[in-house]
Each structure stands twice: as structure tokens, then as C-alpha cells.
Amino acid sequence: METEGARTDRLGLLLDQFDKARDMAEVRLTGLGDEEYLWEPVPGCWSLRRRGEATTPRAFGPGEWVLDLGAADIPASEYAEVARQAAGGMTVDKIADDWSVTVERVEQILAHTGTPEPDATVVTTIAWRLGHLHFQFAGGWEWAFGERRRDPKLMVDFSPSAAVTLEQFWPVIDRWRDSVGVVTEEQLDTVGFSQYPYGSDPDDPFVSVLSGSNLEFIHHMAEIALLRDLWRTRFTTGG
């Protein structure tokens with residue numbers, strides 16, 4: 001269905017949202033340099049590091065440069081999502097596997113009755129945010145439209161060069177968009193159309209996966225935009 005050129009069907013709405021976010025993000029990333037790309041606004045940021053210099057226990061990547069990843073846990077901000085997964089029929093074992101935590105940790109969260117403690121804040125660099133999106137969309141395509149065999153965390157050879165990263169990043173995003181653009185109504189409603197191994201994709205209808213992917217792209221690009229603003233003003237703010 002279209003109304004004055006605007007699609008109002010489920011897929012059309014999701015595609016329009018993604019297209020606008022993608023166009024805004026490309027403009028916002030124009031002129032990104034290496035120093036800004038790797039800038040750590042505070043000590044202890046998660047970033048992109050040489051394999052031998054990684055400080056987080058689960059840093060990953062297939063090459064010399066790896067993306068930081070801390071110890072496995074479920075942050076307090078995701079407790080509601082864990083409860084939703086359990087209420088939707090996911091077993092405790094499956095939830096634990098999705099989040100890479102123990103069954104006991106999931107049971108502890110599901111039994112939680114009080115207000116969660118605030119999460120410890122993890123600040124990330126632009127390099128980390130782009131790398132995070134890059135491997136997720138590469139893996140998302142592989143496990144929905146590809147051969148469904150490659151580990152998403154080993155699909156992107158991360159680079160310390162902003163230019164190289166963006167040159168490799170946009171084709172991955174556009175391939176995802178092109179494939180999503182031709183899915184059918186039946187595929188939108190198919191539970192497990194995406195078998196992406198990190199998360200609940202195998203248990204969700206594909207339309208929910210697409211909605212979540214849009215949100216992932218939008219919120220990480222918004223964070224990147226904020227980091228760019230902070231970079232420009234880093235020497236001009238007073239105490």
C-alpha cells in the first residue's frame with residue numbers, strides 16, 4: 001500500500017526507516033579521520049586494538065586487530081528482555097546460551113524482584129561502534145540470506161583506518177538492505193528465517209528481527225554522532 005508515495009505496509013515502513021537512517025549516518029560520518037575514529041574520551045574505553053594489546057577477556061576478530069568485549073553477563077538494562085524471552089517460551093538453557101552466561105545466572109535474573117542495580121558504564125569509541133555494527137550486519141546477512149555457516153565474529157577483518165573501515169562497511173549495509181527489500185510477507189512472519197547465532201533470532205519472526213536491526217543501526221549511529229560532537233568540542237569546553 002502507498003499513500004502519496006509513502007509505503008504503509010510493514011516492510012515498506014521498516015525499509016523507509018532504515019533508508020533514512022542510513023542516509024543520515026553516511027552524511028554524519030563524512031570526514032571521519034583515524035585519530036577521531038580511535039579517540040578514547042575516557043580511560044578504559046572499549047575499542048579496536050592489536051590482538052596482543054587487548055585488555056578485555058573476549059576480544060574477537062580474525063586478524064591483527066580485535067574488537068573489545070568484556071566478561072559475559074546480562075546487564076540490568078536487559079533484565080526485561082530476559083523476562084520477555086522466558087515468557088515467550090524460551091527455555092532457561094537457551095536464554096543462557098544466547099547471552100553466553102550460566103543457567104544459574106539466568107535463573108537469578110528471572111527470580112529478581114527488586115530494582116536492578118545500575119549497569120557499570122562502558123564507554124566505547126567510534127571504531128568500536130562501527131565494528132560492532134559491521135560484524136552484526138555481515139553476520140545477519142549470512143544467517144538470513146547466505147550459507148548460514150560462518151561465525152559473525154570472524155567475518156570482518158577490522159582495520160585501524162577509518163577510510164578502509166567505511167569503504168568496507170557501506171557495501172555490507174547495502175547488501176543487507178537489498179536482500180531485505182525483496183522478502184515476502186510469508187518470510188516476514190517466518191519464525192527462524194534468520195538463524196543468527198548471537199541472540200533470539202531463531203525464535204523470532206523475521207519482521208521482529210528487522211525491527212531490532214533498524215533499532216540497532218539507529219542507536220549506534222546516534223552514539224557515533226554524539227562522539228563526533230564531543231571530539232569537535234574536546235578542547236573548547238570549560239570546567
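Let me start with a cut-off: a residue is buried under 20% relative accessible area and exposed over 50%, with partly exposed in between. Keep that in mind. What you see here is a predicted model.

First topic, helix 3. Helix 3 covers residues 79-87, and its buried residues are Y79, V82 and Q85. Look down the helix axis. Those buried residues fall within an arc of 120°, so they line one face of helix 3. What does that buried set pack against? The buried residues of helix 3 pack against helix 4, residues 92-99, and helix 5, residues 103-110. Now turn to the face directed away from the buried side. There, helix 3 carries the exposed residues A80 and A87. One backbone detail before we move on. Just after helix 3, G89 adopts a positive phi of about 110°.

Second topic, salt bridges. How many does the structure hold? There are 17 salt bridges.

Pair one is D19 with R177. Their side chains meet in a salt bridge at 2.6 Å, N to O. D19 sits in helix 1, residues 10-28, and R177 in helix 7, residues 162-180, so this pair ties together parts that are 158 residues apart in sequence. Buried or exposed? D19 has 24% relative accessibility, so D19 counts as partly exposed. R177 has 23%, so R177 counts as partly exposed too.

Pair two is D68 with R49. This salt bridge comes in at 2.9 Å, N to O. D68 is in the loop between strand 4, residues 65-67, and helix 3, while R49 is in strand 3, residues 48-50. The two are 19 residues apart, and the pair links distant parts of the chain. Why does D68 count as buried? Because its relative accessibility is 1%. R49 is buried as well, with a relative accessible area of 16%.

R105 lies in helix 5 and D73 in the loop between strand 4 and helix 3, so the bridge ties together parts that are 32 residues apart in sequence. Here the partners fall into two classes. R105, at 18% relative accessibility, counts as buried. D73, with a relative accessible area of 42%, is partly exposed.

Which residues are in it?

Note on methods. Residues are numbered from 1 along each chain as its sequence is written. This is a predicted model: local features need pLDDT of at least 70, side-chain atom pairs count only at pLDDT 80 or more; totals for chains, interfaces and linings use all residues. Side-chain values use heavy atoms; hydrogens and water are left out. Buried means under 20% relative accessible area, exposed over 50%, partly exposed in between (1.4 Å probe, protein chains only). Helices (H or I, at least four residues) and strands (E, at least two) are DSSP runs, numbered from the N terminus. The arc is that of the directions from the helix axis to the C-beta atoms. Contact means heavy atoms within 4.5 Å. A salt bridge is a side-chain nitrogen of Lys or Arg within 4 Å of a carboxyl oxygen of Asp or Glu.
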